[in-house]
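Here's a walk through one protein model, taken a feature at a time. Have the coordinates open and follow along.

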Amino acid sequence: MKFFVDTADVDEIRDLAATGMVDGVTTNPSLVAKSGRDFIDVLKEICDIVPGPVSAEVTATDHENMLAEGRKLAEVAPNVTIKVPLTWDGLKTCRVLTSAGTQVNVTLCFSANQALLAAKAGATFVSPFVGRLDDLGLEGMELISEIRTIYDNYAALDTQILVASIRSTNHLKQAALIGADVSTIPPAVLRKLAHHTLTDQGLAAFLADWQKSGQAIL
Ligand code: G3P
């Protein structure tokens with residue numbers, strides 16, 4: 001499963017990219033606004049840090065302007081992936097952009113039928129938001145299972161499932177068990193993945209015993 005990091009904070013991206021675990025980045029208008037930086041500038045810097053797909057979302061809601069914005073954003077760097085919302089105008093824009101060779105991430109997906117439409121529109125990625133479904137007391141990961149089953153029923157559907165709105169390391173494990181193609185992970189959750197109390201305790205015990213041996217490797 002590919003790991004994308006879900007942020008527009010370039011310091012976080014640079015730090016996590018250094019681990020070798022970051023396969024791409026997703027941003028959205030809220031994350032860009034939170035960065036406090038010019039959108040094009042921060043997008044260019046992110047694309048310079050991470051060679052994998054970097055999602056940049058259009059803010060227009062009509063097809064004509066979505067297309068114009070998408071084409072402008074795609075010019076920033078070859079690894080820019082255009083994010084469009086799962087609306088009819090977004091699906092139309094997805095079809096045009098992907099037909100021209102631009103990668104598209106169809107976002108704000110909350111149902112299997114929406115994900116089916118995204119795949120039929122030729123989306124490179126579809127972003128089902130699991131955390132926001134959980135927030136309503138629904139089972140966000142059930143949606144991932146449904147989409148996985150539907151996509152696997154039809155060889156012609158080659159859209160990648162990009163699990164989004166991740167709130168916990170458990171979401172990540174479930175996404176991998178289901179066979180999602182990508183998870184986009186908030187930095188704080190990504191950092192938690194390596195942590196286990198028994199690992200910390202075990203390492204401390206190894207080093208304490210090693211210390212007692214009086215030996216050194218170097
Ligand atoms: O960036 C897309 C998605 O991961 C955002 O999810 O619910 O944390 O705003 P959320």
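Is Arg 37 buried, exposed or partly exposed? Arg 37 is partly exposed, because its relative accessible area is 34%. The cut-offs here are under 20% relative accessible area for buried and over 50% for exposed, with partly exposed in between (1.4 Å probe, protein chains only).

## Ground rules

This is a predicted model, so local features need pLDDT of at least 70 and side-chain atom pairs count only at pLDDT 80 or more, while totals for chains, interfaces and linings use all residues. Residues are numbered from 1 along each chain as its sequence is written, and side-chain values use heavy atoms, with hydrogens and water left out.

## The barrel

Let's start with the strands. Eight of them make a closed barrel in the order 1-2-3-4-5-6-7-8, with parallel pairing. From one strand to the next, the twist averages 30°; the axes behind such angles are lines fitted to C-alpha atoms (for helices, over the stretch in contact), and angles run from 0 to 180 degrees between N-to-C directions. Strands (E, at least two residues) and helices (H or I, at least four) are DSSP runs, numbered from the N terminus. Two strands count as paired if DSSP finds at least two bridges between them.

On one side, strand 1 and strand 8 run parallel and are joined by four bridges, with Lys 2 opposite Val 182. Strand 7 (residues 160–163) also pairs with strand 8 in the parallel sense, over two bridges, and here Val 163 stands opposite Ser 183.

Which way do the side chains of strand 8 point? In a regular strand the side chains alternate between the two faces of the sheet. In strand 8 (residues 182–185), Val 182 and Thr 184 point one way, Ser 183 and Ile 185 point the other, and all of these are buried.

## Aromatic pairs

How many aromatic pairs turn up in a search of the whole structure? The search finds two. Rings of Phe, Tyr and Trp (its six-membered ring) pair if their centres lie within 6.5 Å; planes under 30 degrees apart are stacked, over 60 edge-to-face, and the rest tilted. Phe 4 and Phe 125 make an edge-to-face pair, at 5.7 Å centre to centre with 75° between the planes. This pair links distant parts of the chain, with Phe 4 in strand 1 (residues 2–6) and Phe 125 in strand 6 (residues 125–128), 121 residues apart. Both Phe 4 and Phe 125 are buried.

Phe 110 and Phe 129 are also edge-to-face, because their ring centres are 5.5 Å apart and their planes sit at 65°. Here the link is from loop to loop: Phe 110 is in the one between strand 5 (104–109) and helix 6 (112–120), and Phe 129 is in the one between strand 6 and helix 7 (130–135), 19 residues apart. Phe 110 counts as partly exposed at 31% relative accessibility, whereas Phe 129 is buried at 8%.

## Salt bridges

A salt bridge here is a side-chain nitrogen of Lys or Arg within 4 Å of a carboxyl oxygen of Asp or Glu. By this rule the count is ten. Back to Arg 37: its side chain meets that of Glu 45 in a salt bridge at 2.8 Å, N to O. Glu 45 is partly exposed, at 24% relative accessibility.

Asp 11 bridges to Arg 14, with the closest N and O atoms 3.6 Å apart. Both lie in helix 1 (residues 10–17), three residues apart, or about one turn of the helix. Asp 11 is exposed at 55%, while Arg 14 is partly exposed at 40%. Asp 11, Arg 14, Arg 37 and Glu 45 are linked in a network of salt bridges.

## A nonpolar surface patch

Finally, have a look at helix 11 (residues 197–213), where Phe 206 lies. Phe 206 counts as exposed because its relative accessibility is 63%. Together, Leu 203, Phe 206 and Leu 207 make a nonpolar surface patch of about 340 Å². Patches are made of residues with over 30% relative accessible area and no salt bridge, joined within 9 Å for like charges and within 5 Å for nonpolar side chains (Val, Leu, Ile, Met, Phe, Trp, Tyr). Accessible areas come from the Shrake-Rupley method with a 1.4 Å probe, and for residues only the protein chains shown count as cover.
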